[in-house]
Amino acid sequence: MKPVLFAFGALFIIILLIPTLLVTPFMDQSKGKLGKELSVAKSDAPVLAESPVAVPVYRSQTKKIENIPLEEYVIGVVASEMPAEFETEALKAQALAARTYITKQLMNDQTLSAPEGSIVTDTQMHQVYKNPQELKSLWGDDYTWKLEKITEAVAATQGKVLTYENQPIDALFFSTSNGYTENSEAYWTEAIPYLKSVESTWDEDSPKFYDQKVISIEEFENKLGVNINNNGSVGKITGLTPGKRVATVEVGGKEFSGKQVREKLELKSSDFTWEMKGDSVVIETKGFGHGVGMSQYGANFMAEDGKKYNDIVSYYYQGTKISAAEPFLTKYTAKN
């Protein structure tokens, strides 16, 4: 009986070994190729490092200040300021701009319109920021892939900021140009050397390039504080900016800047034309935003054309360099 049991036992062991014997000749090849490919894929995917500082952000909904780790803050800004559907290189450019903006704010001795104890708000006054819970509510079923894509873009640029003469720049950005970006002094007052007008003709393909707004004559007059003649004339454009937007315009005997008209009438852009139709003023605009710095749709079209994020930022912020953020963040830490 024992020899029979021994024979069955030996046969059972051989059956178990057969699959291993068949696979063994191919194991080294598999490790050498597939294993290598997997390790390369993993090494190519950037990993988000621990943030060196936290950003005190005033949350407009809760009226509270939250200390948000820097890179998590940048993720929340990119997710809020640029569509996740955009090209990865455009998202990287946005991440670099967002990190640069907040780094400069951290270094400032005075905050810009932020409540005491905070550096920035989570609104358009500074940079729009949403936390993961808010993004999940906004994105729904798309939350996972969108967050992963944006996190990868942020991780690929972590630790980097844009500098000019060894200082972080004002990395301003906006949605869509009218075909040109704008000189900083044409919209605000200070002439900044890296915020100069450049062509961005591809923006014409943006869904936000054209807009039309119809305002009653009464509302038009009230908002500008003027009276206009009912002769079909609304006002006369008297000057253009380097970015081909309205610099000055005369309406009802008063002169306004294009920026003033845009803000008072809540227009998408200061590149506008208008005409009177019946009891209304029909205003057509080109572009969306102030026009200074990086065009987000322009960045995306450049990325679609094969440009990398460093090409994008060097085009819209001319004369700048990509530098390490660490020295500036260290100064902020020492100061606090």
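**Exercise 1.** Which residue in strand 12 stands opposite Tyr210?

*Solution.* Before we start: this is a predicted model, where local features need pLDDT of at least 70, side-chain atom pairs count only at pLDDT 80 or more, and totals for chains, interfaces and linings use all residues. Numbering starts from 1 along each chain as its sequence is written, and side-chain values use heavy atoms, with hydrogens and water left out.

Step 1: strands are DSSP E runs of at least two residues, helices are H or I runs of at least four, and both are numbered from the N terminus. Two strands pair if DSSP finds at least two bridges between them.

Step 2: strand 7 (residues 210–216) pairs with strand 12 (residues 280–286) in the antiparallel sense, over seven bridges.

Step 3: the residue opposite Tyr210 is Lys286.

**Exercise 2.** Find what pairs with strand 12 through Thr273.

*Solution.* Step 1: strand 11 (residues 272–277) also runs antiparallel to strand 12, with six bridges.

Step 2: Thr273 has Glu284 as its bridge partner.

Step 3: check the turn; two residues sit between the strands of this hairpin, and Gly278 has a positive phi near 65 degrees.

**Exercise 3.** Work out the strand order of the open three-stranded sheet and what lies across it.

*Solution.* Step 1: the order is 5-4-14, with antiparallel pairing. Strand 5 (167–168) and strand 14 (321–324) are the edges, each pairing on one side only.

Step 2: strand 4 (residues 160–164) is joined to strand 14 by four bridges, and Leu162 faces Ile322 across that pair.

Step 3: helix 3 (residues 88–107) lies across strands 4, 5 and 14, at about 70 degrees to strand 4. Helix 11 (residues 326–335) lies across these strands too, at about 50 degrees to strand 14. Angles run from 0 to 180 degrees between N-to-C directions, with axes fitted to C-alpha atoms, for helices over the stretch in contact (heavy atoms within 4.5 Å).
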